[in-house]
Amino acid sequence: MNHTVQTVFSPVNSGQPPSYEMLKEEHEVAVLGAPHNPAPPTSTVIHIRSETSVPYHVVWSLFNTLFMNPCCLGFIAFAYSVKSRDRKMVGDLTGAQAYASTAKCLNIWALILGILMTIPLIVIPVLIYQAHR
């Protein structure tokens, strides 16, 4: 009995992948070649239009106009809020954001000044009432 053992060592850096069993699909590609299609490959581009939310602060402006309107800031903020809404309706998002930012700033100032004016209107009569008591 003559047994010969033949060991095949492949070099580590040969750049060849280790041998493996060829799948049916790989065999078909190897024999038949890659599928030929006369049309160029097409790509599909999907444009997802993100609905950018531009808050135009109409309700806040209306509240400041009706209740806290120092120096007419609430009314001016309301005008900018309406302009912001109109710009958004015609599709000008940058213009809408600019008007909304101005309306927000004016609303903040109207609220701060309104609160600062309301506090003395409450505190001063209370102090006068306590002084006369």
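Helices here are DSSP runs of H or I with at least four residues, strands are E runs of at least two, and both are numbered from the N terminus. This is a predicted model, so local features need pLDDT of at least 70 and side-chain atom pairs count only at pLDDT 80 or more, while totals for chains, interfaces and linings use all residues. Residues are numbered from 1 along each chain as its sequence is written, and side-chain values use heavy atoms, with hydrogens and water left out.

**H2 against H3**

- The two helices pack at about 155°, with their axes 7 Å apart; axes are lines fitted to C-alpha atoms, for helices over the stretch in contact, and angles run from 0 to 180 degrees between N-to-C directions.
- On the H2 side, Val58, Ser61, Leu62, Asn64 and Thr65 meet Gly74, Phe75, Ala77, Phe78 and Ser81 of H3, where contact means heavy atoms within 4.5 Å.
- Sorted by class, this contact has five nonpolar, five polar and no charged residues; Ala, Val, Leu, Ile, Met, Phe, Trp, Tyr, Cys and Pro count as nonpolar, Asp, Glu, Lys and Arg as charged, and the others, Gly among them, as polar.
- Thr65 sits in helix H2, residues 58-66, and it touches Gly74, Phe75 and Phe78, leaving aside residues up to four places away in sequence.
- A polar atom of the Thr65 side chain also lies 2.7 Å from the backbone oxygen of Ser61; a polar contact is a pair of N or O atoms within 3.5 Å, where within protein one must be able to donate a hydrogen and the other to accept it, and residues adjacent in sequence count only if both atoms are side-chain atoms.

**H4 and its neighbours**

- Helix H3 (residues 73-89) and helix H4 (residues 93-132) have axes that come within 8 Å and cross at roughly 160°.
- H3 and H4 are therefore roughly antiparallel to each other, and their crossing is left-handed.
- Among the residues making that contact are Tyr80, Ser84 and Arg87 of H3 and Tyr99, Leu106 and Trp109 of H4.
- The tally for H3 with H4 is 13 nonpolar, six polar and three charged residues.
- H2 and H4 pack at about 35°, with axes 10 Å apart, and that crossing is left-handed.
- Trp60, Ser61 and Asn64 of H2 meet Lys104, Asn107, Ile108, Ala110 and Leu111 of H4.

**Two loop residues**

- His57 lies in the loop between helix H1 (24-32) and H2, and Cys72 lies in the loop between H2 and H3.
- Most residues other than glycine have a negative phi.
- Phi of His57 is near 60°, and Cys72 has a positive phi of about 60°.
- His57 touches Ser81, Ala100, Lys104 and Asn107, not counting residues up to four places away in sequence.
- The His57 side chain reaches the backbone oxygen of Pro55 at 3.5 Å.

**What the record says**

- An unreviewed UniProt entry annotates residues 58-80 and 108-129 as "transmembrane region"; positions use the numbering here, feature names are shortened, and annotations may be inferred rather than shown by experiment.
- Residues 58-80 are 74% helix and 0% strand, with end C-alpha atoms 9 Å apart.
- Residues 108-129 are 100% helix and 0% strand, with end C-alpha atoms 32 Å apart.

Definitions and conventions. Parallel < 35°, antiparallel > 145°, perpendicular 65-115°, else oblique. Left-handed = near helix turned anticlockwise from the far one by under 90°.
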